[in-house]
Amino acid sequence: MGEALVLASEAAGRGEVPVGAVVVRDGVVIGRGGNAPIAGDDPTAHAEIAALRDAARALANYRLPGCELYVTLEPCAMCAGAIFHARITRVVFGARDPKSGACGSVIDLFAERRLNHHATVTGGVRADECGALLSDFFAARRGGGAAP
């Protein structure tokens, strides 16, 4: 999660919502991503998607069995779908997303038994740090704090 936090901070420095993600296989980071929808004019450029793409290139395979995804914010429905298709084994996230979280905050796609793949989900890892990055970022945008 530490490396995901670094990537989230870097995203904030670029003016993006501070979310970072890494894909890990056998204890080694094989994919990294930070939010970039603004810079890329791409609504799919979430940190999770970038990390999955990076890992898929590293393994030369669109399936990522045996891999874990660490992300600073609870994945949304779009990212959860990508995680399913990649066959990620485990998802670990930091802060909950009460507006669009798809791991239990709004909906829980990973608990939906009708879907054909299931990942183990662990939430709340370093949640205070992950949440503080987001809170500070949005406070700065509203004029209530230092600019990212």
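This is a predicted model: local features need pLDDT of at least 70, side-chain atom pairs count only at pLDDT 80 or more; totals for chains, interfaces and linings use all residues.
Visitor: In what order do the elements of the protein chain run from the N terminus on?
Guide: The protein chain holds 5 helices and 5 strands. Read from the N terminus on, these elements follow the order α-β-β-α-α-β-α-β-β-α.

Visitor: What radius of gyration does the protein chain have, and what does the globule rule give for 148 residues?
Guide: The C-alpha trace spans about 45 × 30 × 30 Å along its principal axes. The chain is as compact as a globular protein of its length, because its radius of gyration is close to the value from the globule rule. The two values are 14 Å for the chain and 15 Å from the rule for 148 residues.

Visitor: How many residues of strand 1 are buried?
Guide: Across the 148 residues of the protein chain, 43% count as buried. Strand 1, which covers residues 20-25, is mostly covered, and the number of its 6 residues that are buried is 5.

Visitor: Which residue in the turn between strand 1 and strand 2 has a positive phi?
Guide: The two strands form a hairpin with 2 residues between them. In that turn, the residue with a positive phi, of about 50 degrees, is D26.

Visitor: Is T72 buried or exposed?
Guide: T72 is found in strand 3, residues 67-73. Leaving aside neighbours within four places in sequence, T72 is in contact with M1, A4, L5, A8, P18, V19, G20, G94, A95 and C130. Since buried means under 20% relative accessible area, and T72 has 2% relative accessibility, T72 counts as buried.

Visitor: How far apart are the mean positions of the positive and negative charges of the protein chain?
Guide: The protein chain exposes about 7,200 Å², of which carbon and sulfur atoms supply 54%. The chain has 15 positive and 16 negative charges, and the distance between their mean positions is 5 Å.

Methods: Residues are numbered from 1 along each chain as its sequence is written. Side-chain values use heavy atoms; hydrogens and water are left out. Helices (H or I, at least four residues) and strands (E, at least two) are DSSP runs, numbered from the N terminus. Buried means under 20% relative accessible area, exposed over 50%, partly exposed in between (1.4 Å probe, protein chains only). Contact means heavy atoms within 4.5 Å. The radius of gyration is taken over C-alpha atoms; the globule rule is 2.2 Å times the number of residues to the power 0.38. Accessible areas come from the Shrake-Rupley method with a 1.4 Å probe; for residues, only the protein chains shown count as cover. Lys and Arg count as positive and Asp and Glu as negative; His and the chain ends are not counted. The place of a charge is taken as NZ of Lys, CZ of Arg, CG of Asp or CD of Glu. Two strands pair if DSSP finds at least two bridges between them.
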